[in-house]
Amino acid sequence: MSNPIKYILLFVLFGLLILIRVFERELFYDPYLVFFQNDYLYVDSPRREVLKLIGFTTLRYLLNTVISLGILYVFFKDKSIIKFSIIIYVLAYIILLLIYLYFVINPRQEDYYLFFNVRRFLIQPIILILLLPAFYYHRLKS
């Protein structure tokens, strides 16, 4: 793959991640978007439909994951990196979703900050931000 095509693909993929973020209110059901923008440490948890919330959170995680895997592939062109990343994403999803479910079902004000950060890992491409430099560093050391 030539460099201009690689840069165009990366631009498009990062653009898709940005579009998911920009249109999150229109695309996904998430009552916590407004909740965490306000002074959430002093108010009660918003009303929510748990199944719908989990479904849309999973959809958003899946979209971010697929785009992130595309970015990793364009960067490194190494199938072993993609296979390892898939394992990381699946394990992270299972662990984070279980913790997320606990916080959604048992909302307590003293847990809101931890809930906010667990939720952030599910709805933002933070794992990509961790994996890119890790794989790059690993490649430099090899």
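Helices (H or I, at least four residues) and strands (E, at least two) are taken here as DSSP runs, numbered from the N terminus. The structure is a predicted model, in which local features need pLDDT of at least 70 and side-chain atom pairs count only at pLDDT 80 or more, while totals for chains, interfaces and linings use all residues. Residues are numbered from 1 along each chain as its sequence is written, and side-chain values rest on heavy atoms, with hydrogens and water left out.

The chain holds seven helices and zero strands, and reading along the sequence gives the pattern α-α-α-α-α-α-α. Its C-alpha trace spans about 50 × 30 × 25 Å along the principal axes. Of the 142 residues in the chain, 39% are buried; buried means under 20% relative accessible area, exposed means over 50%, and partly exposed lies in between (1.4 Å probe, protein chains only). With contact defined as heavy atoms within 4.5 Å, residues 24 or more positions apart account for 71% of the contacts with a separation of 6 or more.

Ser68 counts as buried because its relative accessible area is 0%. Leaving aside residues up to four places away in sequence, Ser68 touches Tyr89, Pro125 and Leu128.

Accessible areas come from the Shrake-Rupley method with a 1.4 Å probe; for residues, only the protein chains shown count as cover. A nonpolar patch on the surface is formed by Ile8, Phe11, Val12, Leu16, Ile18, Leu19, Val22, Phe23 and Leu27, which together have about 880 Å² of accessible area. Patches are made of residues with over 30% relative accessible area and no salt bridge; like charges are joined within 9 Å, and nonpolar side chains (Val, Leu, Ile, Met, Phe, Trp, Tyr) within 5 Å. Helix H1 (residues 3–22) gives the most to the nonpolar patch, with seven residues. Phe11 lies in helix H1 and counts as exposed because its relative accessibility is 67%.

Charged side chains complete the picture. The chain has 15 positive and 9 negative charges, whose mean positions are 13 Å apart. Lys and Arg count as positive and Asp and Glu as negative, with His and the chain ends not counted; the place of a charge is taken as NZ of Lys, CZ of Arg, CG of Asp or CD of Glu. Five salt bridges are found in a search of the whole structure, each being a side-chain nitrogen of Lys or Arg within 4 Å of a carboxyl oxygen of Asp or Glu.

One of these joins Arg60 to Glu24, with the closest N and O atoms 2.7 Å apart. This pair links distant parts of the chain, as Arg60 is in helix H4 and Glu24 in helix H2 (residues 24–27), 36 residues apart. Both Arg60 and Glu24 are buried. Another salt bridge connects Arg119 and Asp30, whose closest N and O atoms are 2.9 Å apart. Here too distant parts of the chain are linked: Arg119 is in helix H6 (residues 112–123) and Asp30 in the loop between H2 and helix H3 (32–35), 89 residues apart. Arg119 counts as buried because its relative accessibility is 5%, and Asp30 is buried at 11% relative accessible area.

A further salt bridge brings together the side chains of Glu110 and Arg108 (2.9 Å, N to O). Salt bridges that share partners join Arg108, Glu110 and Asp111 into one network. Glu110 is exposed at 59% relative accessibility, whereas Arg108 is partly exposed at 37%.
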